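Hello,

Here is the structure I promised to pass on. My notes follow below it.

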Amino acid sequence: MIRGLYLTACGSLIALIFLCLAWELRLAPVVPGGSWLALKCLPLLAPLFGILNGRRYTYQWASMLILLYVAEGVVRATTERGTGQVLAIAEICLALIFFSACVGYARRTRPTAR
């Protein structure tokens, strides 16, 4: 179970990083030709190595960081149409999958009380 949560968290985080880059640089940028909004993927790089190495503390704080991406996805899903709306819904789904995997991993790897 822990291995599955680990793989889910790693996969969804990496997919979300690529989605953010592709969205703002190629698929549906705010400004034609790409925009500086692509830098929104930089905060996702902060927990990447801790997530890949299975550090419980990183899973804990990354589960709070990812809620910003859920909020951004909800805002853009309700204000944009077409491709932007579909990408926003994909962002919401990936962020919620990552959040669930992080919470599950942190709970299952907590130290036992003696």
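This is a predicted model: local features need pLDDT of at least 70, side-chain atom pairs count only at pLDDT 80 or more; totals for chains, interfaces and linings use all residues.

Two cysteines show the picture. The closest cysteine sulfur to that of C93 is in C20, 13 Å away, which is too far for a bond. C93 is partly exposed, at 42% relative accessibility. C102 is in no disulfide either. Its nearest cysteine sulfur belongs to C10, at 9.1 Å. A disulfide needs the two sulfur atoms within 2.5 Å. C102 is buried, with a relative accessible area of 1%.

Next, the core. The largest nonpolar core has 30 residues. L13, L16, L44, I51, Y59, I66 and F98 touch the most other members. Two or more residues come from each of α1 (2-27), α3 (48-52), α4 (56-79) and α5 (83-108). α1 gives the most, with ten residues.

Y59 is worth a look. Leaving out residues up to four places away in sequence, Y59 touches Y6, A9, G50, I51, G54, C102 and Y105. So C102, the buried cysteine, is among the contacts of Y59.

Last, F99. This residue lies in helix α5. Is F99 buried or partly exposed? Partly exposed, because its relative accessible area is 28%, and the cut-off for buried is under 20%. F99 touches S63, I66 and L67, again not counting residues up to four places away in sequence. F99 and L67 are 32 residues apart in sequence, yet 7.7 Å apart in space, C-alpha to C-alpha.

Best wishes

Terms used:
Residues are numbered from 1 along each chain as its sequence is written. Side-chain values use heavy atoms; hydrogens and water are left out. A nonpolar core is a set of buried Ala, Val, Leu, Ile, Met, Phe, Trp, Tyr and Cys residues joined through side-chain atoms within 4.5 Å. Buried means under 20% relative accessible area, exposed over 50%, partly exposed in between (1.4 Å probe, protein chains only). Helices (H or I, at least four residues) and strands (E, at least two) are DSSP runs, numbered from the N terminus. Contact means heavy atoms within 4.5 Å.
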